[in-house]
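Hi,

Here is the structure I promised to pass on.

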Amino acid sequence: MFEKEIKTYIERHGFEAFTPKAVLFDMDGVLYNSMPNHAVAWQKSMTDYGIHMTADDAYATEGARGVDTIRYMVKQQKHQEISMEKAQEMYDLKTRYFHEMPTAPIFDGVYDLMRQIKASGLTIGIVTGSGQRPLIKRLLDNFGEFLDEDHIVTAYDVQRGKPYPDPYQMGLAKAGNLKPWEGIVVENAPLGVRAGVAADIFTIAINSGPLADEVLLREGADILFQKISELSLHWSKFMAAAGK
């Protein structure tokens with residue numbers, strides 16, 4: 001089990017082996033069931049600025065830096081190039097709306113998976129398009145047993161966010177200057193999957209949202225699960241297939 005997917009990954013990228021040393025998690029929609037809240041905050045805040053944004057838009061652009069999503073939406077609908085300062089102002093409103101909503105729960109299976117990863121001797125990192133300090137603090141409060149701030153990549157660590165490979169390349173660097181074949185990406189968003197694949201890292205998709213499986217597979221995901229608890233259930237078999 002999983003030998004075929006690993007062999008396909010190695011051949012696709014022309015690597016000699018797959019020797020994982022770190023797992024790089026996206027945050028929203030992977031660790032936290034927070035995307036419904038984000039979708040509402042996006043729609044509400046963008047309406048205040050005369051921009052029409054649907055829940056599907058929020059899921060489709062998830063993982064990108066918020067300011068990049070805003071500049072894209074404004075250009076598409078108003079045919080204007082807005083400044084980073086203006087985009088940040090709009091993103092700050094979206095952030096305020098988000099934090100007024102109930103706290104998003106941690107997905108079932110996350111803690112169990114992290115315990116297994118730690119027991120496997122792999123480093124755990126977080127790669128998020130968010131730069132919100134309260135969310136970073138929550139990551140450390142919730143998962144401080146498994147990671148520290150030096151292993152968290154935020155929107156402020158890179159100039160180009162997802163779908164560019166930069167965030168996950170930075171994740172590899174923070175995990176110990178690792179090579180692509182030494183990492184594993186866990187993502188739920190199309191842009192995030194594309195970023196992991198562009199960084200040549202083995203990419204596991206968790207389809208925790210409303211998008212069709214094909215959307216994530218089309219971006220190049222090496223394996224797809226419906227829930228992170230399924231990945232937790234199969235982790236030992238995956239490590240065995242990787243020779244760990």
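Before the rest, some ground rules. This is a predicted model, in which local features need pLDDT of at least 70 and side-chain atom pairs count only at pLDDT 80 or more, while totals for chains, interfaces and linings use all residues. Residues are numbered from 1 along each chain as its sequence is written, and side-chain values use heavy atoms, with hydrogens and water left out. Helices (H or I, at least four residues) and strands (E, at least two) are DSSP runs numbered from the N terminus.

Back to the pair. α2 and α5 pack at about 135 degrees with their axes 8 Å apart (axes are lines fitted to C-alpha atoms, for helices over the stretch in contact, and angles run from 0 to 180 degrees between N-to-C directions). That makes α2 oblique to α5, since under 35 degrees is roughly parallel, over 145 roughly antiparallel, 65 to 115 roughly perpendicular and the rest oblique. On the α2 side the contact (heavy atoms within 4.5 Å) includes His-38, Trp-42 and Met-46, and on the α5 side Tyr-91, Leu-93 and Phe-98 are among the partners. By class, 8 residues there are nonpolar, 3 polar and 3 charged (Ala, Val, Leu, Ile, Met, Phe, Trp, Tyr, Cys and Pro are nonpolar; Asp, Glu, Lys and Arg charged; the others, Gly among them, polar).

Buried residues (under 20% relative accessible area; over 50% is exposed, partly exposed in between; 1.4 Å probe, protein chains only) in α2 include Met-35, Ala-39 and Trp-42. Their cover includes α3, α4 and α5. Gly-50, which follows α2, has a positive phi near 75 degrees.

Ser-34 sits in the loop between β1 and α2 and is buried, at 2% relative accessibility. Beyond its sequence neighbours within four places, Ser-34 touches Asp-28, Gly-29, Phe-98 and Ala-104. Ser-34 and Phe-98 are 64 residues apart in sequence, yet 9.5 Å apart C-alpha to C-alpha.

Cheers
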